[in-house]
Amino acid sequence: MLDKVKSLIAEVEKATAKTNEEVENFRLKFVGRNNVINDLFEEFKKVAPEQKRELGPALNNLKNVAQSKLKELSGSIGSEGGSVEVDVTLPGTYASEGSIHPITQTRNRIIEIFERQGFNVEDGPEIDNDWNNFTALNFPENHPAREMQDTYFIEKNPDVLLRTHTSNVQTRLMNKKKPPIRAIMPGRVYRNEAISARAHCFFHQVEGLVVGENISFKDLKNTLYHFSKEMFGKNTKIRLRPSYFPFTEPSAEIDISCFICGGSGCKICKQTGWVEIAGSGMVDPNVLENCGIDSTKYSGFAFGMGIERVTMLKYQLDDLRLFSENDIRFLKQF
Ligand code: DAH
């Protein structure tokens, strides 16, 4: 038996393999479940004790030699490439990367344009009280915007609500900071509206506020003119239409010339040549006073625009719901 073991050791030591198949054959014979060495261990149980002294170590040696040989053989094939079928010139597996949401992209672009004009970015809460969202902003007690159909109130406390616009951050900012103030305030707002292609129960706005000495309507106009050209192209014109907001006087709606048809009339501008992008106006002195700012010394202008609206115009989209449906086919186009 000892001779058999010795000859197997010699066989193992000489073994070579050029293919995976040869390695596998070696493995089956010397290391696999029914290998020859196991058989020898079975026989070993029956040999006389005096033979065991020499045979035992020899058998163990055979087992170790076979195991390290197997490692050596499979290692050599793997590293040479041999028959392992890996073509390193093939393109790798595609890992999908995701993309920045179009609303975030527009928001970032708006911030970038205003930051270059010296605006800070400010933030405020989505859950606020009646004072910051309405009363300080000069909303009369019986103004329809306060009614239940527009505003989500917190049931247990009607003084607490989901902000209906980012103008609540204006109130907070003026209370916290003395003029000069020059800030934009992007964020999400909520309205109790039936969801359709044109309206949603939540959307995003960017509020703008400038307060200082000698701030005039001219500053408002130029700031938004500059923004419109940066956002929609350098040939963009703007138009201001008289409007009404409780917190501004005078108030104006800002239209830009339609950048699709250049003003000649198309579906996007409903044949008018103009599209609305923001509400704006000179901050009402009542609002300044409500926030502890001397309205005889300071004046200011404010504006508010919808991020969804700007995005829809820019990419000619016609359904607001797409932004919140998380449909990859839509999102990955941006
Ligand atoms: N808060 C208004 C809205 O949600 C938008 C707005 C209009 C904001 C005029 C302003 C402003 O700051 O001056 O419809």
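Here is a walk through this predicted model, starting at the ligand and moving out to the strands and a helix.

The ligand is surrounded by 15 residues, and the closest are H165, Q170, R191, Q205 and E207. Sort that shell by class and you get 9 polar, 4 nonpolar and 2 charged residues. As for individual atom pairs, the side chain of E207 puts an N or O atom 2.6 Å from an oxygen atom of the ligand. A ligand nitrogen atom sits 3.1 Å from an N or O atom in the side chain of S167. On its own the ligand would expose 350 Å², and the protein buries 88% of that. Helix 7 (167–176), strand 6 (202–212), strand 9 (274–283) and strand 10 (299–306) are the elements that each give two or more residues to the shell.

Strand 9 is a handy way into the sheet pairing. Strand 8 runs antiparallel to strand 9, with 8 bridges joining them; E253 stands opposite G279 of strand 9. Strand 8 also pairs with strand 7 (residues 238–245), again antiparallel, through 7 bridges. Strands 7 and 8 form a hairpin with 2 residues between them, and R239 has D255 in strand 8 as its bridge partner. Strand 8 (residues 248–257) has 8 of its 10 residues buried, so the rest of the structure largely encloses it.

Finally, take a look at helix 2 (residues 20–30), whose buried residues are V23, F26 and F30. Viewed down the helix axis, they fall within an arc of 60°, so they line one face of helix 2.

Conventions: Residues numbered from 1 in each chain as written. Predicted model: local features only at pLDDT ≥ 70, side-chain atom pairs only at ≥ 80, totals over all residues. Heavy atoms only, no water. Near = heavy atom within 4 Å. Polar contact = N/O pair within 3.5 Å; in protein donor to acceptor, adjacent residues only side chain to side chain. Areas by Shrake-Rupley, 256 points an atom, 1.4 Å probe, with all protein chains shown as cover. Helix = DSSP H or I, 4+ residues; strand = E, 2+ residues; numbered from the N terminus. Nonpolar A, V, L, I, M, F, W, Y, C, P; charged D, E, K, R; others polar. Buried < 20%, exposed > 50% of the residue type's maximum accessible area, 1.4 Å probe, protein only. Arc of directions from axis to C-beta. Pairing = 2+ DSSP bridges.
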